Amino acid sequence: MFFFRTVSVNPRMPERVSRITEIAKNYWFSWHPQALELFPYMNKDLWEEVHHNPVQFLIHINQDDLERVSQDSIFQAKCDWVMAEFDRYMTEQKWFEQAYPQHDGRVIAYFCAEFGLHESLPIYSGGLGVLAGDHVKAASDLGLPFVGIGLLYKHGYFAQRINREGWQEARYPHLNFREMPMTPVTREDGSDLIIEVDCGHKNVYLRVWEVLVGRVKVYLLDADITRNTDENRRLTSRLYGGDDENRIKQEILLGIGGVKALRAMGIEPFAWHMNEGHAAFSTVERLRELVQLGIPINSAKEAVKSNTLFTTHTPVPAGHDIFPPDLVETYLGQIVDQLGVTRDFFMDLGRKKGSKGFNMTLLAIGLSGYCNGVSKLHGEVSRKMFHGVYPHLSLDEVPISSITNGVHMETWLADEIKELLTIHLGPEWRKNLTNKQLWENVRSIPDHELWNAHLANKSKTINFIRDTLFEKRRRNREEEPRLREVEDFLNPNFLTIGFARRFTTYKRATLIFRNKQRLAAIMNNSEMPLQLVFSGKAHPKDNEGHRLIKQIYEISNEEPFRGKIVFLEDFNINTARYLVQGVDVWLNTPRWPMEASGTSGMKAAANGVLHCSVLDGWWPEAYNGQNGFAIGGPGSDDFEEEMQDVNDSEYLYDLLENVILPSYYQREDEIPRKWMQWMKNSMITVPPVFCTRRMVQEYADNYYVRLMDRWIQFTQNNFELANRVRNYKQNIEENWHHIAIKNVHCNGCADMQKGDHLSLQANVKLGPIHHDDVIAEIAYGEEDGDGLRNVVTVPMVMDGQAVEGEYTFAGEVPLELQGTIGYTVRVRPSNKDFAHQYEVPLATWAQDF
């Protein structure tokens, strides 16, 4: 390897259309169709050839094309309109500035291992990255002072190829960042900003790239520079590639390097959001910074927690990185020394009691003031997963809440649907996405208009599928008859089901093939035919996922299914856009409760593509019986996997035979009237609730603003409040063993009447802990085995002191609900400066009374 510099040679841009380069370098274009239309207008073939990359497009466009459009009055008018819209968007006052003017300019830093903004930046693997991209876009729309931090992968995730035998092959394209919508961050002297990260006593150097997403900037860190060794240059080669050693290095670069990059650019966040545990080392770097300033380690922990949010995304154990202690020692030993703590102290930040591995999720939870899952059900599942971290609390009280995911509607709605919404909801519908009453106007869209828009999208999708299959077979050098037959694959008049997502076992991609004979009969019913479209990638090391893809490929070539089942290779944002806009039904069959949220179904449902899913993830919150289909009833832990597969597959077949297909093919004036009502119900109920505008507003209202306020409070007067909270916790933890509930007296009996009051009095020994530092309370709820669920608490009042350190507390509960309840008394820490009431997860419960 030898040193060289690069230069991008661009054609001369005519002055009249020169501002199109601004649009090309800002992903604002990706959700504004009029901006996107400018590029194919200039040269449609080149636009497809560069895979919708506007920067590469403008580098390689012919000078004659530029001169032609600069003289084209239609193009000039389009360009002027787009630039006026762009200028308005970038300068107008937005929601956050109006709602929280006191926090305008106080930066929120959002860390994620992947960002899925557009197909021209393929540094995402699936749902996590696309959600992050949609989060960033909504933050821009709402005017949040927001920056993203991630890694820039030289080869992205991987490009998927399906060979002639149906096996997935991974190809790793070489991404030329100089020809992508991004620019290197430079210092005042014009040189590239390079930051230095100590990774196992070896320096790794990172170039920082800036990606513009509307009004938000995303900074991506790139190790592929000549100052690094060949080994270190490969650290940002592939997303989710390599072994544990490579992963821990990547996560050090993301977390520690991300903080260092922000500091180097003079960005001082008031709130920090870790989107999954990959970025948890950011908290360690922030601890190190504070300790180096002379802040005691435990006070530094309180300061870091005060303005940090952690979002967990998966109930799948493999989704939580756990590193061996020796790797942690090797690559973080130097930072442990700088923190001035023992190895055990540091390891305990991410170590579950009784285990040896260093868990990134536990590190993130322990150093965050708030933690959330990504759907209501996922919040419940996460509380169950991490109940062991909070053994003194009831399951309901585990401090993991939830904000249900959403999707960026302007990105995922088809242009034909947007046009109908503009006509029937008004031109301001984009600014009023969360107005449920406004979406009721979807009912006023004439059936034939909505149906024709859907058929137009379906036709585009089927043509895209045919073209993609043809190119794959041509590349694989398949015989001429195999090439020609693709022209007849998929009939636009047949009901079409789409299934596209990561191929991993819990997604159960092959559930619909459990009874192939029955499926063949359903699909080949001449009165009500059915066809299926699959797409998705398996991780290169996931052999089971590879086998699932091969199984579907082989079935698609069997005679009963040939031309009616297809598998599209290299699933990406472009393919997803076609599918969620252009199939009739979106199928989702995860093994309950393994789907944290799922967002592809939201995208489909917003376009009137009916969602058919197990009641997992987001779907239990959205399904109302009239806006899609549920496979079975609410999930249960009672079923073993085999039984769940049997029940769900049979239910799916019944649903297809008795509900979905008959309703789709029942026509009046060539329009499926009942189906249209379901489509409209889907479009009315899903967009206002499951959009990222609602989601990001919830993050701002529930977390970001609180984090900003807490950071200001905790850092004032040389971290006075952080020190006070540290001292309080130290006193509580050192002396909690003194606390005992000595006896409880109550007026309760086995049978009482509705309207009665249950009165309790408890004698509590607090020892050296002051009575103002705890709360005694009555806890009651439904009996659930050895504990209580749906716990409600009522504070008790101190009404006397028996001897020093021993107090009497009293309280009562009105019995308003009928049935059997369990009740008890407990004492727990209480402090007005906590982020939430269980920040110190200790509780002493009455043992017997």
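Student: In which sense do strand S15 and strand S18 pair, and over how many bridges?

Tutor: Strands of a sheet pair through backbone hydrogen bonds, either parallel or antiparallel. In this predicted model, strand S15 (residues 495–500) and strand S18 (residues 585–588) pair in the parallel sense, over 2 bridges, and Trp586 of S18 is the bridge partner of Gly498.

Student: What is the strand order of the open sheet, and which strands are its edges?

Tutor: The open sheet has 6 strands in the order S17-S16-S15-S18-S19-S20, with parallel pairing. Its edge strands are S17 (565–568) and S20 (628–631), each of which pairs on one side only, and neighbouring strands are turned against each other by 20 degrees on average, direction ignored.

Student: Which strands does helix H22 lie across, and which does helix H27 touch?

Tutor: Helix H22 (residues 516–523) lies across S16 (530–535) and S17, running at about 120 degrees to S16. Helix H27 (residues 641–665) packs on the sheet and touches S15, S16, S18, S19 (610–614) and S20, its direction making about 160 degrees with that of S20.

Student: At what angle do helices H10 and H11 pack?

Tutor: Two packed helices are described by the angle between their axes and the distance between the axes. Helix H10 (residues 244–264) and helix H11 (residues 281–292) pack at about 50 degrees, with their axes 8 Å apart, which means that H10 is oblique to H11; their crossing is right-handed. Among the contact residues are Ile248, Glu251 and Arg263 of H10, together with Phe281 and Arg288 of H11, and by class the contact has 5 nonpolar, 2 polar and 7 charged residues.

Technical notes
Residues numbered from 1 in each chain as written. Predicted model: local features only at pLDDT ≥ 70, side-chain atom pairs only at ≥ 80, totals over all residues. Heavy atoms only, no water. Axes fitted to C-alpha atoms, helices over the stretch in contact; angles between N-to-C directions. Helix = DSSP H or I, 4+ residues; strand = E, 2+ residues; numbered from the N terminus. Parallel < 35°, antiparallel > 145°, perpendicular 65-115°, else oblique. Left-handed = near helix turned anticlockwise from the far one by under 90°. Contact = heavy atoms within 4.5 Å. Nonpolar A, V, L, I, M, F, W, Y, C, P; charged D, E, K, R; others polar. Pairing = 2+ DSSP bridges.
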